[in-house]
Each structure stands twice: as structure tokens, then as C-alpha cells.
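Reader: I'd like to go through this one with you, from the core out to the charged pairs. Can we take it a step at a time?

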Amino acid sequence: FLETTVTGLDLSDTHLKQTTFQEPDFREANLKGVSGEMAIFLDATFGAQDLSGLTFTHSQFMGSDLAGCNLSKATMTQCNFQDSDLSGATLDGLKAEQALFVGAKLVGASVNGATLTQSLFCDADLSGAVFAGSHLLQCNFQKATCKAGNFANCELTYADFSHADLT
């Protein structure tokens, strides 16, 4: 699906296996209950979609606009959000072990009670993000911007904040 118009597309309860979307606009698509493995969403626009409870594994969301999306209680194991915009997104209860958020923007995101074990946040902008009560075991935050970030009651064993901005 290369530069395909997906306005009004109904993908509810659809399983996407090794499906590729490049530069799609999902703002008016129905994505309720969609799941996938090894799916690729390059430079996709999701708008403020309710994606809560979705399950994706080994999938790519690189360069995608997920700002304002609700990904609460979603499972996104080994997914790649490199250079994606998740500003203002709700990721409460997200399960995303070994996920990549390298260079991603999570400005003002709510990530309360999430499980993000062994995830990478290198060079990410986490300004004002709230990770309260999250499991961040062995996460890498090298060179991340964490201005006014909230990591209260988090599991931070072996987390690496080398060269991060924690002001």
C-alpha cells in the first residue's frame, strides 16, 4: 500500500501479517481491534486514533505520526517507533518489551504503569512525559531529553541515562 488513500477504510478486527503501508493517512480509518506481526507502517499518519488494546509484534512504525493516539493497554513487543511522534499520546499500561523509541518524540506523553523492559529511548525527546509506576528494567535512555519527566515509582534497575538531559 504505497501512498494509498485509506480514508474510510475499515480494518477493524483485521490481522496484518507482513503487510506494508507507506505514507498512509489513517486519521479516518477504522482500526479498532486490528493486530499484526511484521507489519510495516512507514511515515504513517494516525491522528488521534483510539488504538487501545491492539497487539503487534516485530512491527515497524518508523517516522509515523501517532501524536495524541491512545495506545493504552496495547501490546507492541519488539516494535520499532524510531523517529515517530508520540507527543501527547496515552500509553498507560502499554506492554512494549524490547521496543525501539530511538529519536522518537514522546513530549507530554502519559506512560503510566507501562512495561518497557529492555527498550531503547536513545536521543528521544521525553520532555514532560510521565512514566510513573512503569517497569523500565534495562532500558537505555542515552542522550535522551527528559526535561520535567516523571519517573516516580518506576523500576529502573540497570537503566542507562548516560548523557541524558534530566533538568
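Reader: Which residues have the most contacts inside the largest nonpolar core?

Author: A nonpolar core here is a set of buried Ala, Val, Leu, Ile, Met, Phe, Trp, Tyr and Cys residues joined through side-chain atoms within 4.5 Å. Buried means under 20% relative accessible area, exposed is over 50%, and partly exposed is in between (1.4 Å probe, protein chains only). The largest such core has 48 residues, and those with the most contacts inside it are F26, F41, F46, L116, L126 and F131.

Reader: Before we go on, what sort of model is this?

Author: Residues are numbered from 1 along each chain as its sequence is written, and side-chain values use heavy atoms, with hydrogens and water left out. Local features need pLDDT of at least 70, side-chain atom pairs count only at pLDDT 80 or more, and totals for chains, interfaces and linings use all residues, since what you have is a predicted model.

Reader: What is F26 in contact with, leaving aside its neighbours within four places in sequence?

Author: Contact means heavy atoms within 4.5 Å. F26 is one of the residues with the most contacts inside the largest core. Leaving aside those sequence neighbours, its partners are V6, L11, F21, L31, F41, A44, T45, F46 and Q49.

Reader: And S84, buried or exposed?

Author: S84 sits in the segment after β6 (75-77); strands are DSSP runs of E, at least two residues, numbered from the N terminus. Beyond four places in sequence, S84 is in contact with F61, M62, G63, S64, A104 and K105. Its relative accessibility is 2%, so S84 counts as buried.

Reader: How many salt bridges are there?

Author: The rule wants a side-chain nitrogen of Lys or Arg within 4 Å of a carboxyl oxygen of Asp or Glu. One that qualifies is D25 with R27, at 2.4 Å, N to O. By this rule the count is three.

Reader: Which residue forms a salt bridge with D50, and how many residues apart in sequence are the parts they tie together?

Author: D50 pairs with K32, the closest N and O atoms being 3.3 Å apart. D50 lies in the loop between β4 (40-42) and β5 (55-57) and K32 in the loop between β2 (20-22) and β3 (35-37), so the pair ties together parts separated in sequence by 18 residues.

Reader: Which residue forms a salt bridge with D165?

Author: D165 is partly exposed, with a relative accessible area of 24%. The closest N and O atoms of the pair are 3.8 Å apart, and the partner is K147.

Conventions
Helix = DSSP H or I, 4+ residues; strand = E, 2+ residues; numbered from the N terminus.
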